[in-house]
Amino acid sequence: MNTTIKIAAYPLDIAWCDCEANLRSVEMALSTLHPDTDILVLPELFTTGFVQDPALIENLAKQSDESFEQIRNWCKQFNLAISGSVLVKDCDGIKNRGFFIEPSGEEMFYDKRHLFCLSPESKIFSGGHQIPPVVRFRGWNISLIVCYDLRFPVWCRNRSNRYDILIIPANWPVSRAYAWKHLLIARAIENQCLVVGANRSGCDDYGVYDNLSYIFDAYGRSISLEGSNIKESSDVLYAQYSRDELLKVRKRLPVVHDADEFAINMD
C-alpha cells in the first residue's frame, strides 16, 4: 500500500519567556493548517526561546507540564502528531527536551545530547544520555534530534534503515545558515531519509533566524510545496512524500548494506 505523509514545519517567531503567547501563536497556526496534515514540527524551545537566567529557567520549567497538556489536546483535536522541544527540569537538571506526541496519546521524548559550546546552554543545561529514539506513526518510522545534534553524523546514523524521517527542531541563526542547510542535506543523503529542519523565525540575543526551515528528501532535494525558501518568515512550510518513493531510493542504491558497524560510548 502506498503510504503518503504530509508534514508541516512552522517557523514560529518565539516570544522570549512568554509561554502563553507562544502557545497562542501555535494555536492560531493550527486553526489554518491544511486539514490533511499528519505532522506539525515546531522550533526548538518553542514555548520560551533560549533562557540563561537561572531564576527564570526555574520558573519557566515549571510550566512544561501545562505546555505538554495543551499539545496533547491539540493532537487529539486536529488529528495529527506534533513535534518540537521545550524547557524542562527533572532530577538530572535542566533539559532541552524534544517530543513527538501523537493523537492516540502515544508519546516519545528525547533530551538534546549535544549542548552548544558557544552559548550558555552547555553550562546551564544537562545533556541527554539516550540514543535518538524511533517511533512508528502512520506507516513511517520517525526519529528526533535537536538543533546542534545535527553536526554529529555518527549520532544521527540511520543504522539498518531504522528510521524514514529525521525531525530536527532548531534555533539556528542566519550567521551559520550555510552550515545548517548543507548539514541537513548531508544527513538526508547519507541516511537515505526525509529530513525536516524546523527553525524558528524572528531574532533574539543570539542572532536572526528567518527563512531557514527546510524539508529535504533522501536525495537531499527540497520537497516543500512552496519551494526551497519560505516567502514570509511566519509561513508554514509543507511537504508531501510517498514511502514507496523512499523505498525506491533505498532499493536503487542500497548503501545500508555497506555501512560500518560501530558502538556509541554513552559515558
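Let's start with one residue. Lys-95 is buried, at a relative accessible area of 4%. This is a predicted model, by the way. So what does Lys-95 pair with? Its salt-bridge partner is Asp-92, with the closest N and O atoms 3.9 Å apart. Asp-92 counts as exposed, at 51% relative accessibility.

Now a second pair. Arg-157 and Glu-190 form a salt bridge, and here the closest N and O atoms are 3.5 Å apart. Where do they sit? Arg-157 is in the loop between α5 (153-156) and β8 (165-170). Glu-190 is in helix α6, residues 177-191. That is 33 residues apart, so to speak a link between distant parts of the chain. Arg-157 is partly exposed, with a relative accessible area of 27%. Glu-190 is partly exposed too, at 29%.

Back to Lys-95 for a moment. Salt bridges that share partners put Lys-95 in one network with Asp-90, Asp-92, Arg-97 and Asp-111.

Lys-6 lies in strand β1, residues 4-9, and Asp-36 in the loop between α1 (19-31) and β2 (39-41), so the pair ties together parts 30 residues apart in sequence. Buried or exposed, Lys-6? Buried, at 8% relative accessible area. Asp-36 counts as partly exposed, at 43%. In total, the structure holds 20 salt bridges.

On charge overall, there are 28 positive and 35 negative side chains. The centres of the two sets lie 6 Å apart.

Next, the whole fold. We have 7 helices and 13 strands. The radius of gyration is 17 Å, close to the 18 Å that the globule rule gives for 267 residues, so the protein is as compact as a globular protein of that length. The C-alpha atoms fill a box of roughly 55 × 45 × 35 Å along the principal axes. Buried residues make up 55% of the 267. Take the contacts with a separation of 6 or more: 67% of them are between residues 24 or more positions apart. The accessible surface comes to about 11900 Å², and 50% of that belongs to carbon and sulfur atoms.

Last stop, Asn-59. Asn-59 lies in helix α2, residues 54-61. It is partly exposed, with a relative accessible area of 44%. How far is the C-alpha atom of Asn-59 from that of Arg-200? The two are separated by 22 Å, and they are 141 residues apart along the chain.

How values were computed. Residues are numbered from 1 along each chain as its sequence is written. This is a predicted model: local features need pLDDT of at least 70, side-chain atom pairs count only at pLDDT 80 or more; totals for chains, interfaces and linings use all residues. Side-chain values use heavy atoms; hydrogens and water are left out. Helices (H or I, at least four residues) and strands (E, at least two) are DSSP runs, numbered from the N terminus. The radius of gyration is taken over C-alpha atoms; the globule rule is 2.2 Å times the number of residues to the power 0.38. Buried means under 20% relative accessible area, exposed over 50%, partly exposed in between (1.4 Å probe, protein chains only). Contact means heavy atoms within 4.5 Å. Accessible areas come from the Shrake-Rupley method with a 1.4 Å probe; for residues, only the protein chains shown count as cover. Lys and Arg count as positive and Asp and Glu as negative; His and the chain ends are not counted. The place of a charge is taken as NZ of Lys, CZ of Arg, CG of Asp or CD of Glu. A salt bridge is a side-chain nitrogen of Lys or Arg within 4 Å of a carboxyl oxygen of Asp or Glu.
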